[in-house]
There are 2 protein chains.
Amino acid sequence: MNVEVINTGSELLIGQVINTNVGLLGQELLSLGLTIHRQTTVPDGEGIKDVIGESIRRSDIILITGGLGPTEDDLTREMVSDYLGTKLIEDQDLVKGIRNRIESNGAAMRDINRKQAMVPDGAIVLKNDNGTAPGLYIKPSDKTERTHIYLLPGPPRELMPIFREQVVPSIKNALLEREIEIPSCVNIFFSGLGESELASRIDEVIFDKKGSFDLGYCIKPGGVVVRCIGDPEIVSSVSEKIRKEFPENYISNDHESLPAVVVEELMKRNESVSIAESCTGGAIANLITDISGSSNVFSVGFVTYANSAKNEILGVDNNDLNEFGAVSEPVVRAMAEGCLERSGADYAVAVSGIAGPTGGTKEKPVGTAFIAIASHRKPTFVGVYCFRVERLIFKEKVSMTAINLLRKRIIGLL
Amino acid sequence: MNVEVINTGSELLIGQVINTNVGLLGQELLSLGLTIHRQTTVPDGEGIKDVIGESIRRSDIILITGGLGPTEDDLTREMVSDYLGTKLIEDQDLVKGIRNRIESNGAAMRDINRKQAMVPDGAIVLKNDNGTAPGLYIKPSDKTERTHIYLLPGPPRELMPIFREQVVPSIKNALLEREIEIPSCVNIFFSGLGESELASRIDEVIFDKKGSFDLGYCIKPGGVVVRCIGDPEIVSSVSEKIRKEFPENYISNDHESLPAVVVEELMKRNESVSIAESCTGGAIANLITDISGSSNVFSVGFVTYANSAKNEILGVDNNDLNEFGAVSEPVVRAMAEGCLERSGADYAVAVSGIAGPTGGTKEKPVGTAFIAIASHRKPTFVGVYCFRVERLIFKEKVSMTAINLLRKRIIGLL
């Protein structure tokens, strides 16, 4: 089944509104075994008609969002009925519903609001409990041939309830009618390996099964998601094989967030972490506290940007700071151990590096970062890394590498 | 000039990645007086070729993002050269650059990485300082007729620097060649006012000039950008009028980043700030240290998530914590003043609030935040706010509000 999405609205093309509808619809469609074959955004206006015509020739299902409002530039329903050669008829139930909604908000019904009650002859109304723009479903006919067309409001809070409650059952019916089976989809999240390294090793592992399922790669902050889609049995055995190939790098089949996994692991063990940051400037604490529930496992972080702060707050020896510099093995080790002691946490993470664009030397170029993980009963781990990337990416890469090292220490791999 | 954007990548169509590139490109194009006429997303695969062919027939400029990676599903460069009937040639400078980047990250160059050094015959390489995928520019030719084609990497942090530094000048050349005038564009960044409030007050201010230039609004972290586009003289007088209408909220004509403005103001005055965060969990320090040069004005931050940390590290009275709770006027005031004293900075910012989704009470619902600004010679300011939004947006809104209050204190408005 070929599915296409058409989003209408000039605001999407000038950066005023980010199009989150494609992703929301795409996720829901996956669970039906369907993927979007093409997505198009068109500005408000008559250009919509061309795009609808082209799409009908290619697709079994078209989801059109936006342009169902009361104003002049809302033209989706007009363009669709124009293309299909059907009349627009005022639906009296809709007029009543729109009037009720507007009046219950303390406003008065205006003439332009009646526009939203116009329905292409033969279309089925999809009730909107969260706004005045109803959805519309146009069944396959002579003019659309095999294509099911759904017109849906643009705001995600109006769109998604209509989609889940009314469009999904309608699509399921269409699938049943054509006797199409629903495939399986497994996402596997890895950390600490690049996309290309993963891909070439996975190619070796599953070379005998190639072609019998779909494989996709997606870079996420802190890792890469490998996605297997196809026959449930093949996907289950292949994804298991891929997972087992990278035991140190496998994170989760559920999460696609390294900080969420770490917070979960700490909560499971009733343990806590504290953080001492220099070059990441609070980014690690920020990532951890993005996770709801993090207050159970994180009580304090120190952003010791200046040398004096490293000494006064974490107890780093001034001689070490002078002799080796702030970006060095002894200093980052002392930061982690000082942080562990002062916080009373079970683990401490410390980072110090050169985010750039200035501050690099020949021995320690921009991009250098030392990361330390301290905990009780095990010697402190210190690693040195180099990420020659723009300042913000550097902060993210150092943060995620540190969180992954923390994860390994927690589960006993480091 | 007809501009189209083609985004490739199955991850965009199944909701694994939200497409922010369209908006980013759309905003930048506006300042050249250009708008996107159509945007299409296609899955990885050979389908890209059809879309490129259709788009070439309609457009003067095509911006294609994604599919330039090293893996099998990255097919953009292959499909474009296939369509154009040009050969792919290995570029030795690119091979060297890719090898250096990979090896400096401690990994080994693999055969599949060489794919990223393949360049369609005659294409111009657009250097990527933030990743291994170079951009490519294909000039109009017999096969493309009037169309300029730009192939760009998918990750926004790689895409946008290439776009701003290399594609924009190239598009400007194309406009000049066709004797199309480049309009003037002024961006005015305001903070502390909503989009609709700004828009309705601006409407009153410039009602006599309406229609003689374009006005756009764009919500940014920490504020709203008002964009005036049109004839240089009109834009200059109108933007000046708009700026003067909101003296307390006007931030800058250059920056669209509140943290950058604050770091600049502090550097100008040779002053410094320290930060004590609870509910924002490091987000404020992270935003400040995103700015290059921030180490001159920021030496230390404390993420005191737990009550014990507020007491031990910042000296907040345990009686106050018990009596008023961590989210209260006396506690956030003590946090700011303790932070100012311990850090020796000229200003201290402190925040404490309820990020949610749990932890709210009837008196202090989820979304409540206290923000304090302390400095020498002036009494400490404490404000209470409520942002009933999702956890991550809450952290951002509280952070940006605090940074804006700091800005006002620095320049004497608070």
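# Close-up views of a predicted two-chain model

View 1. Strand E6 (residues 124-126) and strand E7 (residues 135-138) of chain A pair in the antiparallel sense over three bridges. Ile124(A) stands opposite Tyr137(A) of E7(A). The structure shown here and in the other views is a predicted model. E7(A) also pairs with strand E8 (residues 148-152) of chain A, antiparallel and over three bridges. Here Tyr137(A) faces Tyr150(A) of E8(A).

**View 2. Strand E16 of chain A is buried on both faces.** Eight of the eight residues of E16(A) are buried. In a regular strand, side chains alternate between the two faces of the sheet. One side of E16(A) holds Thr368(A), Phe370(A), Ala372(A) and Ala374(A). The other holds Ala369(A), Ile371(A), Ile373(A) and Ser375(A). Both sets are buried, and both faces are covered.

**View 3. E16(A) has antiparallel partners in E15(A) and E17(A).** Seven bridges join E15(A) and E16(A) in the antiparallel sense. Within this pair, Ala350(A) has Ala372(A) as its bridge partner. E16(A) and strand E17 (residues 378-386) of chain A are antiparallel too, over seven bridges. Ser375(A) stands opposite Lys378(A) of E17(A). The hairpin of E16(A) and E17(A) has two residues between the strands. Arg377(A) in this hairpin takes a positive phi near 75°.

View 4. Most peptide bonds are trans. The bond from Gly356(A) to Pro357(A) is cis, with omega near 5°. Pro357(A) sits in the loop between strand E15 (347-353) and strand E16 (368-375) of chain A. In chain B, a cis peptide bond joins Gly356(B) and Pro357(B), with omega about 5°. The place of Pro357(B) is the loop between strand E15 (347-353) and strand E16 (368-375) of chain B.

View 5. Most residues other than glycine have a negative phi. Asn270(A) has a phi near 55°. This residue is in the loop between helix H8 (258-269) and strand E13 (273-277) of chain A. Asn270(A) is exposed, with 9 other C-beta atoms within 10 Å. Arg377(B) has a positive phi of about 75°. Its loop lies between E16 and strand E17 (378-386) of chain B. With 5 C-beta neighbours inside 10 Å, Arg377(B) is exposed.

**View 6. Helix H7 of chain A has a buried side.** H7(A) covers residues 232-245, 14 residues in all. At 1.5 Å a residue it should span 20 Å, and its end C-alpha atoms are 20 Å apart, which agrees. Which residues of H7(A) are buried? They are Val235(A), Val238(A), Ser239(A) and Ile242(A). These residues cover an arc of only 100° around the axis, so they lie on the same side of H7(A). An α-helix has 3.6 residues a turn, so residues three or four places apart point the same way. Glu233(A) and Lys244(A), on the other side of H7(A), are exposed. The cover over the buried residues includes strand E9 (184-190), helix H6 (195-205), strand E10 (213-220) and strand E11 (223-230) of chain A.

**View 7. The largest nonpolar core has 195 residues.** Nonpolar side chains tend to be buried together in soluble globular proteins. In this core, the residues with the most contacts inside it are Ala336(A), Val349(A), Ala336(B) and Val349(B). Ala336(B) touches Val349(B), among others. Its contacts also include Ala276(B), Ala348(B), Ala350(B), Ala372(B), Ile373(B), Ala374(B) and Thr380(B), leaving aside residues up to four places away in sequence. A second, separate core has 39 residues, among them Val5(B), Ile6(B), Leu68(B) and Leu136(B).

View 8. The contact takes 63 residues from chain A and 66 from chain B. Elements of chain A that each supply at least two residues include helix H1 (21-30), strand E2 (36-42), strand E14 (298-304) and helix H13 (391-410). By class, the side of chain A that touches chain B has 30 nonpolar, 26 polar and seven charged residues. Five bridges join E14(A) to strand E14 (residues 298-304) of chain B, and the two run antiparallel. Val303(A) stands opposite Gly301(B) of E14(B).

Conventions: Residues numbered from 1 in each chain as written. Chains lettered and ligands numbered in written order. Predicted model: local features only at pLDDT ≥ 70, side-chain atom pairs only at ≥ 80, totals over all residues. Helix = DSSP H or I, 4+ residues; strand = E, 2+ residues; numbered from the N terminus. Expected span 1.5 Å × (residues − 1). Buried ≥ 20, exposed ≤ 12 C-beta atoms within 10 Å, placed from the backbone. Arc of directions from axis to C-beta. Contact = placed C-beta atoms within 7 Å. Core = buried A, V, L, I, M, F, W, Y, C linked by C-beta atoms within 7 Å. Nonpolar A, V, L, I, M, F, W, Y, C, P; charged D, E, K, R; others polar. Pairing = 2+ DSSP bridges.
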